[in-house]
Amino acid sequence: REVLSFDNRGIGLSDAPPGPYSVAQMAEDAHSVMKAAGAERVNVMGISLGGMIAQRFALDYPDATNSLILGCTSHGGREATPPPGDFMTRCQSWAAAEHPNEAEGDAEWFMRRMLPAAALEADAADGDRFFEQFKTAFLQTRRSGTGLQGQLAAMGRFNSVKRLESIACPVLVVGGEQDAVVPSVNS
């Protein structure tokens with residue numbers, strides 16, 4: 001399959017305009033990428049915030065959506081089980097840094113929360129090597145405080161609950177029982 005991959009607004013090589021952002025804006029961005037690539041219908045995959053964007057994409061552009069794959073994400077709103085309280089507080093602190101990737105304590109804390117604890121603890125040498133590989137790849141992505149703040153705002157305001165039943169394409173939802181950030185009950 002041909003794969004279209006891009007950086008959402010606020011991260012990587014995409015612009016990081018002042019926010020707040022909305023999931024609807026980011027779904028529109030994804031649709032623009034799809035059209036610019038000459039694709040008419042796509043299978044949309046998103047993880048975490050990307051899963052929220054994928055839901056909104058399918059809702060706003062049903063004629064362009066073949067199927068959805070949603071990983072470790074949420075429908076948002078009051079019905080969702082939120083991440084642990086310390087997670088969002090720490091993310092907001094991390095996003096307040098002008099250069100988040102250089103905020104060593106916050107960046108490393110965030111990365112460790114994204115990985116299953118068992119993978120980091122199984123065998124100390126293998127867990128350390130796995131984490132260092134993940135860290136190297138993670139820190140290659142450019143981040144700014146402005147972009148992270150915009151993305152956090154989008155996640156905080158997302159709610160697809162009332163419209164979920166109108167998604168007509170096939171959907172695969174994947175969540176992890178050991179996910180420390182997005183509780184699997186949101187799947």
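Is Asn8 buried or exposed? At 18% relative accessibility, Asn8 counts as buried (buried, under 20% relative accessible area; exposed, over 50%; partly exposed, in between; 1.4 Å probe, protein chains only). The model is predicted: local features need pLDDT of at least 70, side-chain atom pairs count only at pLDDT 80 or more, and totals for chains, interfaces and linings use all residues. Residues are numbered from 1 along each chain as its sequence is written, and side-chain values use heavy atoms, with hydrogens and water left out.

Asn8 sits in the segment before H1. Helices (H or I, at least four residues) and strands (E, at least two) are DSSP runs, numbered from the N terminus. With neighbours within four places in sequence set aside, Asn8 is in contact (heavy atoms within 4.5 Å) with Ser14, Met26, Ile53 and Gln151.

Gln151 is one of the buried residues of H7. H7 itself spans residues 145-157, 13 residues in total. From first C-alpha to last, H7 reaches 18 Å, close to the 18 Å expected at 1.5 Å a residue. That expectation is 1.5 Å times one less than the number of residues.

The largest nonpolar core holds 23 residues. A nonpolar core is a set of buried Ala, Val, Leu, Ile, Met, Phe, Trp, Tyr and Cys residues joined through side-chain atoms within 4.5 Å. Val23, Phe57 and Leu68 touch the most other members. H1, S1, H2 and strand S2 (65-71) each supply at least two residues of this core. H2 gives the largest share, seven residues. Another core, of 17 residues, lies apart from it; Ala107, Leu120, Phe131 and Val181 are among its members. Beyond four places in sequence, Leu68 contacts Val44, Ala54, Gln55, Ala58, Ile167, Cys169, Pro170, Val171 and Leu172. In soluble globular proteins, nonpolar side chains tend to be buried together.

Some nonpolar side chains form a surface patch instead. Met45, Ile47, Ile69, Leu172 and Val174 make a nonpolar patch of about 460 Å². Strand S1 (42-47) and strand S3 (171-174) are the elements that give two or more residues to this patch. Patch residues have over 30% relative accessible area and no salt bridge; nonpolar side chains are joined within 5 Å, like charges within 9 Å. Val174, in strand S3, is partly exposed at 41% relative accessibility.

Seven salt bridges (a side-chain nitrogen of Lys or Arg within 4 Å of a carboxyl oxygen of Asp or Glu) are found in the whole structure. Asp86 pairs with Arg113, with the closest N and O atoms 3.2 Å apart. This pair links distant parts of the chain: Asp86 lies in helix H3 and Arg113 in helix H4 (residues 104-114), 27 residues apart. Asp86 is partly exposed at 43%, whereas Arg113 is buried at 19%.

Asp106 and Arg90 meet in a salt bridge at 2.5 Å, N to O. Asp106 belongs to helix H4 and Arg90 to helix H3, 16 residues apart. Asp106 is buried at 15%; Arg90 is partly exposed at 29%.

Lys135 and Glu108 form a salt bridge, their closest N and O atoms 3.3 Å apart. Lys135 is in helix H6 (residues 124-139) and Glu108 in helix H4, so the pair ties together parts 27 residues apart in sequence. Lys135 is buried at 14%, and Glu108 is partly exposed at 23%.

Key:
Areas by Shrake-Rupley, 256 points an atom, 1.4 Å probe, with all protein chains shown as cover.
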